[in-house]
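Morning, everyone. Please bring up the model on your screens. I'll go through some strand pairing, then the chain interface.

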Amino acid sequence: MLEFPLWKKLWLWGVTLAFAVLSLPSLFNVSGLDWPAALPNPQVNLGLDLAGGSHLLLEAKADDVRVQRLTNMEETVRQLMRNAKPRIRIGDVSTANGQLSFMLNDAGDIDRARGLIEPVMQGATVTREWDLAVVDGQRIVLTQTDAGVDQAIDDAMVSATEVVRRRIDELGTREPTIIRQGDTRIVVQVPGLEDPDALRDLLGQTAQLEFKLVDLNALPENVQAGIAPAGSEIYPYAPGTPQSGGFEAVRRLGGIRGDSLTGAQASVDPQTGQNIVNITFDAQGGTKFAKLTTENVGKPFAIILDGQVLSAPNINEPILGGQARISGSFTAESANNLAISLRSGALPVPLAVVEERTVGPDLGADSIRKGLLAMGIGSLAVIALMVASYGRFGVYATAALVLNVLMLLGIMALGGFTLTLPGIAGFVITIGAAVDANVLINERIREERARGRKVIAAVETGYKEASRAIWDANLTNVISGLALFAFGSGPVKGFAVVLIIGIITSVFTGVTLTRMFVAGWLRRNRPADITI
Amino acid sequence: MKLLKLVPDNTNIKFLKLRVPFFVLSIVLIVGSWAAVLVNGLNFGVDFAGGQEVRMTFEEREQAPIPGLRELVGGLGYGEPVVQEFGAPNQVSIRVPLPEGVEDTPGAATAIGAKVIATIAKQYPDARTDGNDTVSGKVAGEFRNQAILALLAAMAAVSIYIWVRFEWQFGVGAMFALVHDVSVTLGLFALTQWEFSLQIVAAILAIIGYSLNDTIVVYDRIRENLKKYRKMPLAELLDLSVNETLARTVMTSLTLFVALIPLLIFGPPSLFGMVAAITAGLFIGTYSSIYMAGPLLIWMGVTSDSFVPTETALDRQEKIARGEA
């Protein structure tokens, strides 16, 4: 066991130093010194709890997707029936319990209606998204299949993730992390964010923009009571608008959805000094908008955002250039937020913030400073204890300990792992527990010497006999570390990472490296007795 | 140079003589801990209870105005807030319960947080917001389930590992020691009402790993001695094994302890609970390795034969065939 051929020594030193050197950029950075820009610069990522920033967990409700699919299907069916030649008249349309059902006025149309609907029931994929049933020969019932809903949720989440990414990019923050998690969730992490409220507002907005004509026939008292005339629906005014608390009745059909926008800019109306948002439609949207405004000059139309009326201005003249402006009692900030949201597209499904964690940047820096101080003092105390107890062997253990910390940091930098606040605790535990291997070995050597073995034999037995317990003890530690990693979120995961990597590097440095140190010394000096 | 020896050579403490009273004590501790958990409950942080937590530092004060804050935030009408010192005397954590049903209203919880912060900032201009956590009831419930699952999975996995590497009695002994450690730590949190969060679960899992280190080192020595001293009575052999590894146990506990103490005193306040749990677990785990894991082996009837390969009928036939028997 004391044989260390040159190649093995070189290999061990090579691995150790390679990883230890990787830790230098991170150390430089923490100490406030500049790392030369010309050199490679792998750095330990600081978690949000150390760097400051926001963590948001967004969740879409499956029910929202269900309802939305039904609404879309209703629209599609109405359009198909209207465009059919001759037109198929339908009535008694209802969307409830995940089903769309409607009655044909003429039972003889049933086969034609089926023929029109069946092609749209199949999505782009092979999954069957709807089931069609005919009841009493005259009523068609479309039921969403679970596979169809799952597919729709998945599609919605993919594009929602993209929309979230675009919106956050607009904020101009550094290195945001946006990850889809599970079926219906998105994790957003933005380090070093100054204003978490802006982020939340931005993501909380679905930005579903609609223009709908105001129903001038509705009786004001009915509207306030929430009763809509046939063919209309009631929307509340958005909070913060002058009409806040009031309602507006608008025509269900014939409006325009704002999903065909090509641009949106916040600006100020030069005449009134109001904050407004200028929007630009694509060709198709522009044509539709021109048609709507031409046909309805002099009438008011409601600008509706996420189911709330922003304003209901009169159409003074046809708007033909594909450009429009949205007014609605904005502040400069909310106008800008809306512009960003509109530019990056509407979320296909509303996202609710189900978890939010924000850490101020001051606290993070403070935590790092305190954590490092504690780590420094702790290390010194451990080193003093080891050297006092095991003399030369303690010095070797100490050298291994220092290399262990550097390697751990280096591997974290290389692997792009994140150092979190609990991760600092993980470092300290690693420092305290890493010497365990050396304690086991050294105590065993002590014992073997006391039993009268010769120096080299005692050292050999010490390493050999202790290795078994070291192996078992560390493997069980890794197992509980893995359990921690599997369930942990964010900062706790950071703790698990440090623990697991620390166990691996500490066995390497504590057992293999110290054995090389000890072997080298024994071979050079051939001591007849050792102090241990 | 004279080296420091914390445990004198040839120490021979009769640990196992007191195995019955200490085992009874352990059982009492476990039962008492669970009673404390049931009666007092754990002071769940937002991770597990859901709700809104705001952490603040009062930069121009020695002492955070806790009663004033309680009144101020309580007056907002969201229910009774929990206002606690958090680390330094001028730092507080304020927890506001979420009103019923608000989990399903996007943005409502965060709006409450913003309101709390704004209200305090108005009254106390020196308040610096350090952090702001919102966890919905549903997510908190998931965290709870995941935490319980992680603890159970870790305990089962390591017990199975020990069963495979040693013998079933050792696996059961380790499992009992773990149940003891986890229970007593939970009991400690129920009694002190320290905030119980995800970090504390991480601490408990770290304790599981650490306590097992101790147990395994003792078990390893027991296994070795069982092979070596075939005729020694088990209680005596356990004592011998514990004594032989005592120097290591004390030294390792001490190094971890001296590493943890600065973290308790100088470390960031938000780590205090976690480090306190690990420090407590250090003692609890060392104790359980000696007084739970050891005696159980006696009662479950571990013998020297446990580690001698048993002769199967097939071996016997082969021996006869070779003319050895």
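Strand β14 of chain A, residues 275-281, pairs antiparallel with β17(A), residues 323-330, over 5 bridges. Strands here are DSSP E runs of at least two residues, helices are H or I runs of at least four, both numbered from the N terminus. Pairing needs at least two DSSP bridges between the strands. In that pair, Asn275(A) has Phe330(A) as its bridge partner.

This is a predicted model: local features need pLDDT of at least 70, side-chain atom pairs need 80 or more, and totals for chains, interfaces and linings use all residues. Residues count from 1 along each chain as written, chains are lettered from A and ligands numbered from 1 in written order, and side-chain values use heavy atoms, without hydrogens or water.

β14(A) also pairs antiparallel with β13(A), residues 261-268, over 7 bridges. Of the 7 residues in β14(A), 5 are buried, so the strand is largely enclosed by the rest of the structure. Buried means under 20% relative accessible area, exposed over 50%, partly exposed in between (1.4 Å probe, protein chains only).

Now the interface. 71 residues of chain B contact 68 of chain A, meaning heavy atoms within 4.5 Å. The rule finds 12 salt bridges across it: a Lys or Arg side-chain nitrogen within 4 Å of an Asp or Glu carboxyl oxygen. One joins Glu142(B) to Arg185(A), closest N and O atoms 2.6 Å apart.

Strands cross over too. β18(A), residues 351-359, runs antiparallel to β5(B), with 5 bridges. Glu356(A) sits opposite Thr134(B).
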